[in-house]
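Me: I want to go through the labels one by one. For each, give the value and the rule behind it.

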2 protein chains.
Amino acid sequence: MEPSGKEMFAVVARDGPARCGRLTTRHSIVDTPAFLPVGSKASVKAMAPDELWALGYRLLLANAYHLTLRPGEELVRKLGGLHRFMGWRGALLTDSGGYQTLSLSKLASVDENGVRLRSHIDGRKVEMTPESVISGQRALGVDIMMVLDECPPYPASVDRVARSVDLTARWAERSLQAKRQSDQLMFAIVQGGVYPELRKRSAAQLTALPFDGFAVGGLSVGEPKPQMLETAALVSELLPAGQPRYLMGVGTPQDLLAAIALGYDLFDCVLPTRNARNGSAFTSSGVVSVKQARYARDPMPLDESCACRTCRTFSRAYLRHLYLSGEILAARALTEHNLSFYCTLMSQARIAIASGTYEIFRRTLAERLVEGVKEH
Amino acid sequence: MEPSGKEMFAVVARDGPARCGRLTTRHSIVDTPAFLPVGSKASVKAMAPDELWALGYRLLLANAYHLTLRPGEELVRKLGGLHRFMGWRGALLTDSGGYQTLSLSKLASVDENGVRLRSHIDGRKVEMTPESVISGQRALGVDIMMVLDECPPYPASVDRVARSVDLTARWAERSLQAKRQSDQLMFAIVQGGVYPELRKRSAAQLTALPFDGFAVGGLSVGEPKPQMLETAALVSELLPAGQPRYLMGVGTPQDLLAAIALGYDLFDCVLPTRNARNGSAFTSSGVVSVKQARYARDPMPLDESCACRTCRTFSRAYLRHLYLSGEILAARALTEHNLSFYCTLMSQARIAIASGTYEIFRRTLAERLVEGVKEH
């Protein structure tokens, strides 16, 4: 049986629009606001699953499109589902592949029925429909499925974005039909670019349907940051208060703090993992890039106030040496630190919300984050 | 004070020429026979130091030549030494860079004083002398220093190898002078190619000097395997029974089993780590290469009789998926398994020696290792 909206998600504390929630999935209970590490191809790059659990993560993001191409959802199903395949005991949410209609748009064509793509791996033809995408996510056995949406590029004309909004709504209805009795949760994705009227139309269309949660897509795709936050603010108010709100593809620590203030609950972004592989660490006093010569002899950890394994074990000088030497441990150590930083940030935000001190917490932290590394 | 030979190394069990020993260094006690994972640039590729400790390793190999070029031994010394730099609580042995006179021979020239090289990183001139190499290893603060040797190529004429043997002996004497009161251990390296008379000459020259242990170099450089084992057998008998014997750069599990039977105590090789990054796993029933299509749907672990994290968590099918997807976790998981396999192999060998059943253990295991993966 599908859990009712109330059982599935409960708001447990509020501080203005910001809220703490408890999201109950088949595989774990997720305290929100929560950040989802990105493991598109069934692995959060450079991390082992038990390390993600130990950091405190309970919900990861994978990508149904990537997994359909390789290794194929039927293979994963036969091997016991995606959780078992990855060795991950927590919960999983899969993006549908709608975003790939944008990021791989040179290889994609969209019509009423769905999306036709050329595989970026071997050039073979792939067709994604709302139905095939749900069927794939059922085979993967994920906790939370995302509907197929159409994500227009930025900039795009109001007519182009309006067509995408209406198509996304029709696809959302077909997705609900395809879901049938599955007890997996399903979230819809609000589109509408940076056009307030279209965002309102999309939110109205989708919230009229019995989804378990609502995501905001089509942001952080090139629009100016103020427009991103204005749009996120507008949509948040239009989404049902009792259901989880997921701001997709966002973002920096500052973006997360701003979006939590708007009432969002879930976030994903490649920044902590990708930047780590690029030698860049998020710290409580700003970004530390170990590529910089200033760290060549620095005996300090990346972040003095961090208790992660990387900060307990390695100096900035050693991390810089690993990075310059092309050692895999550089990617590992920086990724583990950055994901520890993001997980701790969410935990601190939850405490601040529960204490009714979220705005002061956010302002204090945001100031520190932009100050840079003072002592150097 | 320098520990006496007896305190530093004690043979605790014998089974024919094979023996179990206890090597006491400043940072750890190492049960021998022992395999040393290779961390040339102050990192065992894809592994974190606490993972190596958890697998059971107590002694790692690093490379003084590589660390002199980057980050520089003085920087490491100022940051508290190589153990602290790497976050490694066990013992460290550094190779001197003598092997690089061979592997980078196009960039190197050798004379009585030492080796002149062009850095493979930036082309800058580097000079290595017996004295500079010891000074570098003193700055690194390693537990066991290796002397600078000259490792001739294979094949090489008897005259060429004879010159290298005598040069290596003169350098060994200079190394002892340079060591002075350091309480770090120092091992000499027997050269002589595949010429029995030259191996005897080298062993006689070096064992006449007060080294803490003796290594055999210049093997596994292209000579046929029977010649490698014959030479290793010859030299082992010429080395003092009460001191550790280190067969450098060897090798496969079968090679290790054969060399243990000859009385060797220490080994290092890039095979378990390099092959792992190439998708290849050592298992108790032979090599499993996850590149092979036969493993695409295989739900079994790499090795059913292995208790490592990789085998407890991941199927061959998932590891193959990670490898094909270029995920860092593929290198991590396969490396951790291979190093677990090598560490367990050494531990099993020690038990077999202590039980007086080494030859039957070795034959049984060697047969299984070449049988391949039977059930597939």
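This is a predicted model: local features need pLDDT of at least 70, side-chain atom pairs count only at pLDDT 80 or more; totals for chains, interfaces and linings use all residues.

Me: What makes residues of H9(A) and H10(A) count as meeting?
Reply: The rule is that two residues are in contact if their C-beta atoms, placed from the backbone, lie within 7 Å. Pro196(A), Arg199(A), Lys200(A) and Ala203(A) in H9(A) meet Thr231(A), Leu234(A), Val235(A) and Leu238(A) in H10(A). By class, that contact has 5 nonpolar, 1 polar and 2 charged residues. Ala, Val, Leu, Ile, Met, Phe, Trp, Tyr, Cys and Pro count as nonpolar, Asp, Glu, Lys and Arg as charged, and the others, Gly among them, as polar.

Me: Why are H9(A) and H10(A) called roughly parallel?
Reply: Their packing angle is about 30°, with the axes 10 Å apart. Angles under 35 degrees count as roughly parallel. H9(A) and H10(A) are therefore roughly parallel to each other.

Me: Which label does the pair H8(B) and H9(B) get, and why?
Reply: Helix H8 (residues 158-179) and helix H9 (residues 196-207) of chain B pack at about 10°, with axes 10 Å apart. H8(B) and H9(B) are therefore also roughly parallel to each other. Among the residues that meet are Val161(B) and Val165(B) in H8(B), and Leu198(B) and Leu206(B) in H9(B). The residues of this contact divide into 7 nonpolar, 3 polar and 1 charged.

Me: What makes E8(B) and E9(B) a pair?
Reply: Two strands pair if DSSP finds at least two bridges between them. Here 4 bridges join E8(B) (residues 115-118) to E9(B), and the strands run antiparallel.

Me: Why are E7(B) and E9(B) edge strands?
Reply: The open sheet has the order E7-E8-E9 in chain B. E7 (108-110) and E9 (125-128) each pair on one side only.

Me: How do you know that the two copies are related as by a two-fold rotation axis?
Reply: Copies are superposed by least squares on the C-alpha atoms of residues with pLDDT of at least 70 in both. Chain A can be laid on chain B by a turn of 180° and a shift of 0.0 Å along the axis, with an RMSD of 0.0 Å. The copies are thus related as by a two-fold rotation axis.

Methods: Residues are numbered from 1 along each chain as its sequence is written. Chains are lettered from A and ligands numbered from 1 in the order in which they are written. Axes are lines fitted to C-alpha atoms, for helices over the stretch in contact, and angles run from 0 to 180 degrees between N-to-C directions. Helices (H or I, at least four residues) and strands (E, at least two) are DSSP runs, numbered from the N terminus. Angles under 35 degrees count as roughly parallel, over 145 as roughly antiparallel, 65 to 115 as roughly perpendicular and the rest as oblique.
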